[in-house]
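Colleague: I have a model open and would like to go through it with you, if you have a moment. Could you take my questions one by one?

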Amino acid sequence: MALDRSDVEHLAHLARIGLKEAEIPAYADKLSSIMGLIDRMQAVDTSGVQPLAHPLETTQRLRADVVTEDNQRDALQAIAPATEQGLYLVPRVIE
Amino acid sequence: MQWEIVIGLEIHAQLTTASKIFSGSATTFGAEPNTQASLVDLAMPGTLPVLNAQAVKNAVKFGLAIDAEIGMTNVFARKNYFYPDLPKGYQISQMDLPIVGKGHVDITLDDGTVKRVGVTRAHLEEDAGKSLHEDFQGMSGIDLNRAGTPLLEIVSEPDMRSAKEAVAYARTIHSLVRYLGICDGNMAEGSFRCDCNVSVRPKGQTEFGTRCELKNINSFRFIERAINTEVQRQIELIEDGGTVVQETRLYDPNKDETRSMRSKEEANDYRYFPDPDLLPVVIEPSFVEQVRSELPELPQQKRERFQSEFGLSAYDASVLSASREMADYFEQVQRTCGDAKLAANWVMGELSSLLNKSDIEIDQSPVSAEQLGGMILRIKDNTISGKIAKMVFEAMANGEGDADQIIEARGLKQVTDTGAIEAMLDEVLAANAAQVEQYRASDEAKRGKMFGFFVGQAMKASRGKANPQQVNQLLKQKLDG
Amino acid sequence: MHEKTLAELSAALHSKAISSVELTEHYLARIQQLDGTLNSFITVTQELALEQARAADARLADGSAGPLTGIPLAHKDLFCTRGVRTSCGSKMLDNFVAPYESTVTQRFIDAGAVTLGKTNMDEFAMGSSNESSFYGPVRNPWNQELIPGGSSGGSAAAVAARLCAAATGTDTGGSIRQPSGFTGLTGLKPTYGRVSRWGMIAYASSLDQAGPMARTAEDCALLLQAMAGFDERDSTSVEHPVPDYSAELNQPLQGLRVGLPKEYFGEGLDAGIANTIDQAVKQLQALGAEIREVSLPNAELAIPAYYVIASAEASSNLSRFDGVRYGYRCENPTDLMDLYLRSREEGFGAEVKRRIMVGTYALSAGYYDAYYLQAQKIRRLIKNDFLAAFEQVDVILSPTSPIPAFRIGEKIDDPVSLYLTDIYTITANLAGVPGVALPAGFADDLPVGMQLLGPYFSEPRLLNVAHQYQQATDWHTRAPL
C-alpha cells in the first residue's frame with residue numbers, strides 16, 4: 001500500500017508528530033516501502049485462524065483493592081517541565 | 001408534524017474502591033492536586049497496570065442486578081487519543097468483549113406504568129484527570145488525582161421516548177448502583193455522570209434521526225432540561241429546513257441551551273486494540289455464583305415485597321424503595337411501630353415534606369426512624385391523636401426529644417376518661433343551646449353536616465386532647481338522645 | 001583480570017583474590033580508556049559503582065554474598081534506575097532521571113551486583129544496528145567501522161570489549177541475540193513473561209523480554225537466576241517456578257534432537273555464515289546430538305507480522321511522551337497542539353517516528369482488520385509452527401543473522417533491508433519462546449552467531465546445550481581488542 005503526502009500528514013497528525021514540509025516526501029517514500037514489506041502478509045488466507053495477542057495465553061491476575069501508594073508529588077514533579085501549585089502546566093485547554 | 005424523541009444514555013459510575021483500577025493509589029475525592037497520582041497514574045515510562053479485583057466484582061454485581069450476560073472472558077483495550085488529562089495518551093477501556101453484556105432494567109413512570117429499558121452493555125474503564133482552567137499565565141493546570149479511578153460505563157439502548165423517561169431511567173440506575181454499594185452516586189462530585197444521546201424522527205418513521213451527544217450533565221433536573229432544550233433545537237432546525245449534525249454538545253444550565261463542543265479528536269479515530277499489558281480477564285462461574293449470593297435485596301424485589309408483605313400500594317412501595325436509605329428508614333419505622341400503613345403515611349407525608357423543606361437526605365433526618373416509630377406507637381395506643389402527633393413530630397424535628405418526652409413535657413396526653421369527656425360535652429352543648437335545638441329539628445341529612453360543628457367545638461374546648469372517637473360516640477348519644 | 005568470565009570473577013571475589021572495588025576501578029578505567037570511540041555507554045555511574053562495590057566487599061567479608069555480589073555490570077539504558085538518567089537512547093528522555101527502580105535492576109542491586117552505567121541502544125529499542133541512538137552509533141569492537149547490532153548494541157559492545165563483566169539487554173525482535181552474534185557473545189532471550197517488564201521502558205509490550213548478555217552460557221545462567229521470577233507489578237509476568245539454571249549445564253548432549261528449519265538455510269544466507277554454522281552443527285553431532293530437518297512454514301511472514309504488531313503497540317506505548325509530566329518539551333509552545341507536535345517532532349528520531357506512523361496506520365479505522373488482526377492471526381500460525389516443530393526436536397538451530405555485521409551508515413537510508421536482517425530472530429518473539437545466541441566461529445574475521453530456540457521455559461536446556469558446546473569449543477574466549 002503506497003502512502004501519499006496526505007496519508008503521511010494524516011498519520012503524523014493522529015500521532016501528534018510535527019513534520020517539516022520538506023521531509024514529507026521522504027517519509028511517504030520510506031513508509032510506502034515499509035508498507036510494501038508488510039503487505040506480503042496479505043497473500044495468506046487466515047480465515048478461521050484465531051488472532052494471538054499474547055504468546056502464553058494466560059489470564060489476568062487480580063490485585064487486592066488496597067492502597068499501596070503514598071504521596072510522592074514533590075519527587076515526581078521534580079522531573080516535570082512545568083508545574084505550579086502542584087499542577088502540571090500546559091498551554092490553555094479549550095473545551 | 002408529530003415528532004418522536006429517541007434517547008439513549010451513557011452513564012459513567014465511579015466505582016467505590018479504595019484504590020484505583022490499575023494502581024495502588026487512593027481514590028479519595030478532594031485531595032490536594034496530584035497527591036494521589038502515583039507512577040502508574042502519571043504514566044511514567046516502564047510502569048504497568050494490574051487490575052483491581054474489587055472493580056471486577058462491582059461490575060459483576062451490576063451485571064447480575066440487571067439480569068445481564070456476564071462477560072466470562074472480557075478484554076481490556078486501549079482507546080488512543082491525546083489530551084493533557086490522559087497521561088498515557090490512551091484510556092484503558094473495554095471494546096469488543098465487555099465485562100457486562102446485554103441486560104435490562106424496569107423503570108416506573110409518573111403515572112405508575114412500568115417500562116423496560118434495555119442496557120446494551122457495561123464496561124470497566126479508567127477515569128481521566130482534570131484540567132483546571134484558572135489562569136496560570138495563560139496556562140491550564142492538570143490534576144491527575146482522578147486519573148485511573150475505576151468507572152463502569154453503562155450504555156442503554158435508545159429506548160427512551162421522553163426526557164421524563166430518561167430521568168426515570170437515570171434515577172433507576174442511580175438507585176441500583178447505590179443499593180449495590182458499588183457507587184456513591186454523588187453527582188456533584190462527578191461520581192455519577194450522564195451523557196445523553198438525543199435524536200428526533202417523524203412519528204411512524206422506523207429509522208433513527210441523527211443524534212447529538214449531550215455530555216456530562218450533573219443533576220437529574222438538568223438531564224430533563226438539557227434533553228428538552230436539545231429536542232426543541234433539533235425540531236426547529238429540521239422544520240427550518242436544516243439537518244442535524246452528529247456531534248457532541250455541552251448543556252449550559254445558566255443559558256438553558258446546548259452548544260457544540262470543539263471535538264477532542266476531530267477524526268475520532270481511537271485506534272482501539274487489546275491492551276498488551278493486560279491479559280484477558282476470565283471470570284469463573286463459581287465467582288459469579290458467590291457474587292450472586294451476596295447481592296442485597298434490589299429495588300424491584302423490595303418493591304414487590306413491600307406490596308406483598310405490608311399490603312402497600314404499588315405507588316407507595318415504589319416511592320419507599322426508591323433509595324436504599326429510604327427503604328431502610330421505612331422498614332425501621334415499621335419494625336418499631338408494627339404498622340406498615342401508618343409508617344408509610346408518615347414517611348411519605350410529614351417526614352418527606354420536612355426533608356424537602358430543609359433540602360436534606362433521609363440519612364440526615366433530624367427525626368430518627370426509631371423516634372418516628374415510637375411516636376406512631378403513641379397514636380396507636382390512643383395516647384395522642386393524629387392531629388397532636390403532627391405537633392409532636394414538629395417538636396421532634398426541633399430536637400426536643402422523643403415523642404414520650406414531648407407528650408409529657410407539653411401535657412399532650414389524650415383525655416380518654418368518659419366522665420371527663422361527658423362533663424366537657426355537657427358544657428359545650430349548654431353553651432350552644434340554639435344550635436342543639438336546630439340540630440334536633442333537622443332531618444338526617446342536615447344533621448350529618450351539623451354534627452361536625454359540635455365535634456369541632458368539643459375538640460377546641462379540650463385543646464385537641466380529647467379522644468376523637470370517644471367524642472364522636474358520646475356526642476352522638478347526647479344529641480340524638 | 002577483565003579476561004575472566006563472570007563465573008571466574010565471582011570465584012576470585014569469594015576467594016578474596018581481588019576486591020570488588022579493585023575490579024570496579026579496573027573496569028571504570030577501561031571504560032575511560034576505550035569507550036571514547038566505542039560509545040557503548042550513555043551514562044557511567046562511577047560514584048554509584050564504587051559505593052556499591054564497597055558495600056559488596058562488606059558482604060563478601062561478612063559471608064552474606066551471593067554469586068553476583070561485587071560483579072560490575074552494565075544495564076541497557078531502558079531499565080529505569082532511580083536517580084540515574086534513563087534515556088532510552090532518545091532526546092525525548094535525555095533529561096529523564098528515573099524516579100524509581102526497575103524490577104530487573106532492583107534484583108541485581110539485591111544480589112549485590114555493581115552498576116557501572118547505562119549502555120547505548122537504538123532509540124526506544126527500535127533498530128538492529130544501534131545507529132538510531134540520539135547518542136550516536138556504537139562501534140563494533142571487532143571492527144570499529146562496523147555496527148555492533150541492535151538494539152542492545154551498547155551492552156554487546158561493552159561486554160565484548162571487556163568494559164564490564166556482563167550486561168542486561170532486551171529483545172523484542174532479536175535485540176539481545178543479533179548483537180550477541182555480531183560481537184561474539186552469549187545472550188539469552190527468555191520465555192515471554194519469565195522476566196518482569198516493570199520499569200523497562202516499553203517498545204512492544206507483547207514482545208519485549210529482558211535477558212542477560214555475557215561471555216558464556218554459564219555466566220548467562222547466573223545472571224538469569226537473578227533476573228527471572230514472578231513480579232506482581234507486571235500482569236504478563238508468569239508465576240511458573242524458577243528452576244536452578246546452573247543445575248543442568250553439565251548434562252551430556254547424548255540424544256539431543258536438534259532441528260534445522262529448512263526455511264532458514266535458503267536464499268539470502270551469507271555463505272561464510274552458512275559454512276560456520278555447518279561446522280557448529282557437526283560439533284554438536286560429535287557431542288551426541290541428532291540433527292533433523294524441520295519446517296517453520298510461516299517463517300517468512302514473521303517480518304511483516306512483527307512490524308505491524310511491534311509498530312502498533314509502540315505507536316500507543318510512546319503516546320505518553322507528550323512533554324507534560326517528564327521528558328523533552330519544546331520551547332515556548334503556542335498552544336496545546338503545538339506542544340504535542342513540536343515536543344514529539346523534536347524529541348523523537350526518524351526511525352521512531354516512522355514506526356509510530358506505521359503502527360498508527362495499522363490500527364486506524366478501516367485498516368485494523370487487514371493489518372493488526374491479520375498480523376495477530378499470522379502470529380498464531382507461527383506459534384503453531386513452533387509447537388509442531390518441538391514435537392519432533394528439542395531445540396531449533398539457525399544463524400542469528402543472515403549477514404555479518406555491516407558498515408555503519410550502510411543501511412541507514414533503507415529501513416526495509418535492515419528489517420529483513422531480523423528474519424531468524426523475530427519468530428521467537430512472536431511465539432514467545434526462549435532463544436540463546438552464542439559464538440559459533442568466525443567468517444571474514446568477524447564473529448558468527450548461532451541461535452538455539454526451545455519450547456516455553458526450556459531455558460535450562462538451552463543453556464545446557466550452549467554450555468556443552470562451549471566446553472568443546474573456544475570461540476567464546478576470543479577477544480576483539
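Colleague: How many bridges join β4(B) to strand β5 of chain B, and do they run parallel or antiparallel?

Modeller: Five bridges join β4(B) to β5(B), residues 90-94, and the two run antiparallel; strands here are DSSP runs of E with at least two residues, helices are runs of H or I with at least four, and both are numbered from the N terminus. Two strands count as paired if DSSP finds at least two bridges between them. Please keep in mind that this is a predicted model, in which local features need pLDDT of at least 70 and side-chain atom pairs count only at pLDDT 80 or more, while totals for chains, interfaces and linings use all residues. Residues are numbered from 1 along each chain as its sequence is written, chains are lettered from A and ligands numbered from 1 in the order in which they are written, and side-chain values use heavy atoms, with hydrogens and water left out.

Colleague: Which residue is the bridge partner of Lys79(B) in β5(B)?

Modeller: Lys79(B) has Gln91(B) as its bridge partner there. β4(B) also pairs with strand β15 of chain B, residues 273-274, in the antiparallel sense over two bridges, and in that strand Phe273(B) stands opposite Arg78(B).

Colleague: Is β4(B) buried or exposed?

Modeller: Five of the five residues of β4(B), residues 76-80, are buried, so the strand is largely enclosed by the rest of the structure; buried means under 20% relative accessible area, exposed over 50% and partly exposed in between, with a 1.4 Å probe and protein chains only.

Colleague: And which residues are on its two sides?

Modeller: In a regular strand the side chains alternate between the two faces of the sheet. In β4(B), Phe76(B), Arg78(B) and Asn80(B) are on one side, Ala77(B) and Lys79(B) are on the other, and all of them are buried.

Colleague: Switching to rings, how many aromatic pairs are there over all chains?

Modeller: The structure holds 29, where rings of Phe, Tyr and Trp (its six-membered ring) pair if their centres lie within 6.5 Å, and planes under 30 degrees apart count as stacked, over 60 as edge-to-face and the rest as tilted. One of them is the tilted pair of Phe82(B) and Tyr340(C), at 5.5 Å centre to centre with 55° between the planes. Phe82(B) lies in the loop between β4 and β5 of chain B and Tyr340(C) in helix α10 of chain C, residues 336-347, so this pair joins two chains.

Colleague: What about Phe96(C) and Tyr326(C)?

Modeller: Their ring centres are 5.6 Å apart and their planes are at 55°, so that pair is tilted. Phe96(C) lies in the loop between β2 and α4 of chain C and Tyr326(C) in the loop between α9 and α10, so the pair ties together parts that are 230 residues apart in sequence.

Colleague: Last one, what does chain C look like as a whole?

Modeller: Chain C has 15 helices and 11 strands, and its C-alpha atoms fill a box of roughly 65 × 55 × 45 Å along the principal axes. Buried residues make up 70% of its 481 residues.
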